[in-house]
Amino acid sequence: MTARRSGRVHRFRSARRIPAALTALVVLGVAGLFLYDLAAVRAGRPGMSWRRDLADGLATHTPADLGVQLIAGAAALAGAVLLLLALAPGLRGILPMRPPHGPDGPDTAARVRAGLGRKDAAQILRDRAMEVSGVRSVRVKVRRSHVGVRATSHFRELDDVRADLDAVLAVGIEELGLAHPPQPRVRVRR
């Protein structure tokens, strides 16, 4: 059963997983080569020439040297960043939309995935909010779980403007067709 058939909509993922996975495989291969050479030396065979040169360099530079610690820290940081990039979904600026439903339910719908950019959604909701009577200016930020709206009113009561904004934004968010509709957080001031 796929995610589309089960009704769950997942976030969009970036294509950077492939380069990160290839980099991890290269690092794994180098580590395996080191491990193989170390096992060969322990078994009584001569070590590879590059490993002997490296061992001579490590004999003169101990782990207590600042340069060695900085290089090790940079390598560990690069590895952590690569793992984070490989596991993070990326494309956080795209909000997934609900899949279309066919006449007999979601299984008969076309296998279509759609997304809406956060900035585009903010612009649509801003335009809707500007139509409310008494609103002079509006700033909208769309996040994953909520929509932050800051409005400035100039002639109506703030509670009336806030109530109208809540109603307009609720309809606007529903019409966006997002898979996980964010909750509006409205602030109105003079």
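User: What share of the contacts with a separation of 6 or more comes from residues 24 or more positions apart?
Analyst: This is a predicted model, where local features need pLDDT of at least 70, side-chain atom pairs count only at pLDDT 80 or more, and totals for chains, interfaces and linings use all residues. Residues are numbered from 1 along each chain as its sequence is written, and side-chain values use heavy atoms, without hydrogens and water. A contact means heavy atoms within 4.5 Å. For residues 24 or more positions apart, the share is 57%.

User: In what order do the elements run from the N terminus?
Analyst: Elements are DSSP runs: helices are H or I with at least four residues, strands E with at least two. The protein has 5 helices and 5 strands. From the N terminus, the order is α-α-α-β-β-α-β-β-α-β.

User: Why is the protein described as more spread out than a compact globule?
Analyst: The globule rule is 2.2 Å times the number of residues to the power 0.38, and the radius of gyration is taken over C-alpha atoms. For 190 residues the rule gives 16 Å, so the protein is more spread out, with a radius of gyration well over that, at 28 Å.

User: Which residue in β5 is the bridge partner of Val149?
Analyst: Strands pair if DSSP finds at least two bridges between them. Here 7 bridges join β4 (residues 146-153) to β5 (residues 183-189), and the two strands run parallel. In β5, the partner of Val149 is Val186.

User: What percentage of the 190 residues counts as buried?
Analyst: Buried means under 20% relative accessible area, with a 1.4 Å probe and protein chains only. Of the 190 residues, the buried share is 25%.

Methods: Buried < 20%, exposed > 50% of the residue type's maximum accessible area, 1.4 Å probe, protein only.
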